[in-house]
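Please view the structure below before reading on.

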Amino acid sequence: MVAAIIPVWKQNFGTEISRLERALFKYKVVSIDTEFPGFIRNTPRDGSETERYKDLKFNVDALKLIQLGITLSDERGTIFGTWEFNFCFDLGEDLYVLESVEFLKKNGLDFDKHARDGIHMSGFAKIFTAVLAKHRDLFWVTFHGLYDLAYTLGLITMAPLPNSVLGFTTLLGSVFGRVVDVKYMARFCKGLCGGELGLSKLASILRIERKGGAHQAGSDSLLTALVFAKINMVFPIHQLLYLGSLYGIQPRISPTITPPPLPSCCIPQINNVPPFLYGMARNQDFMYYIPT
């Protein structure tokens, strides 16, 4: 039985990030999904890779993340749990695309609660960075994950994305290590239409039932994890065909079995972080600082 999706707000953030961190010692497959407030720039279908990345960088640098869904599983596909981190987002102050926000409202997002109880991204970034510093042997899974990884990277570094697509994929390799995009992976699977399917349709073909609502980061990350596990079980395809490749761009993310330490751009500035935060990555009694 699949565990419930846990909504995480500022009130239970400390408790749940601690549970997630402890689980990473055993459950090292991390499936993610994000929700964000639309696209200010849309790349034409015939746009070049350079144009596509330029628009991605513009959108991600300009807009704030609304939700991050994280599902943990092991190499056999056993799901441990799913967390849906809800960030502070104020429709009166933050930039958004109206039709995208209306779409998210229809799919269950409560923007009044996001403004009132959402997690501050700077505080999340400091703690999540410490978690990643402690666990450098994770395996990251996305579906059509270009924007998911871009927003998550921006959240971790709290800095603009690199200026080039090659710089972007290089930094992804340094921060995340091994990455799989299930949409790209599906192109090697007979009967899955060359991967040209959405997540819900792919799950339906594989007879996987969704838990929670579509277009919510927790539910989508869980469905991504289940689809990835089912494909691995049904289709005998070698990792070398898809590891490090993202749907929509050519350069591969260089996978490493043991990623190097996090690059300096991901380490919080000492003036903004209590001294004990730097010891978290080596401290088995993991401590947390929750900014007020």
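In this predicted model, the largest pocket is lined by 30 residues, and those nearest its centre are Phe36, Phe39, Phe143, His144 and Tyr147. The space within the largest pocket amounts to about 1,100 Å³. Several elements take part in its lining: strand E2 (29-35) and the helices H2 (49-62), H3 (98-106), H6 (146-157), H9 (199-205) and H10 (217-234) each contribute at least two residues.

The second largest pocket holds about 280 Å³ of space. Its lining consists of 17 residues, with Val29, Asp74, Glu75, Phe139 and Phe228 nearest the centre. Helix H10 provides the largest share of this lining, namely four residues.

Two helix pairs are described next. How do the axes of H1 and H5 cross, and within what distance do they come? Helix H1 (residues 13-23) and helix H5 (residues 121-134) have axes that come within 11 Å and cross at roughly 15°. Angles under 35 degrees count as roughly parallel, and H1 and H5 are therefore roughly parallel to each other. The crossing of H1 past H5 is right-handed. On the H1 side the contact is made by Phe13, Ile17 and Glu21, and on the H5 side by Phe124, Ile127, Phe128, Val131 and Lys134. Sorted by class, this contact of H1 with H5 comprises six nonpolar and two charged residues, with no polar residue.

The second pair involves H6, one of the helices that supply the lining of the largest pocket. The axes of H6 and helix H7 (residues 165-176) come within 11 Å and cross at roughly 65°. Angles from 65 to 115 degrees count as roughly perpendicular, and H6 and H7 are therefore roughly perpendicular to each other. Helix H6 passes H7 in a left-handed crossing. From H6, the residues Leu146, Leu149, Ala150, Thr152, Leu153 and Ile156 meet Phe168, Leu171, Leu172, Val175 and Phe176 of H7. The contact of H6 with H7 comprises ten nonpolar residues and one polar residue, and no charged residue takes part.

Technical notes. Residues are numbered from 1 along each chain as its sequence is written. This is a predicted model: local features need pLDDT of at least 70, side-chain atom pairs count only at pLDDT 80 or more; totals for chains, interfaces and linings use all residues. Side-chain values use heavy atoms; hydrogens and water are left out. On a 1 Å grid over the protein atoms alone, a cavity is a set of points where a 1.4 Å probe fits but cannot get out, and a pocket is an open set with protein on both sides within 12 Å along at least five of seven lines; lining residues have an atom within 4 Å of a point. Grid points are joined across faces, edges and corners, and a volume is the space filled by probe spheres set on the points. Axes are lines fitted to C-alpha atoms, for helices over the stretch in contact, and angles run from 0 to 180 degrees between N-to-C directions. Angles under 35 degrees count as roughly parallel, over 145 as roughly antiparallel, 65 to 115 as roughly perpendicular and the rest as oblique. A crossing is left-handed if the near helix is turned anticlockwise from the far one by less than a right angle, and right-handed if clockwise. Contact means heavy atoms within 4.5 Å. Ala, Val, Leu, Ile, Met, Phe, Trp, Tyr, Cys and Pro count as nonpolar, Asp, Glu, Lys and Arg as charged, and the others, Gly among them, as polar.
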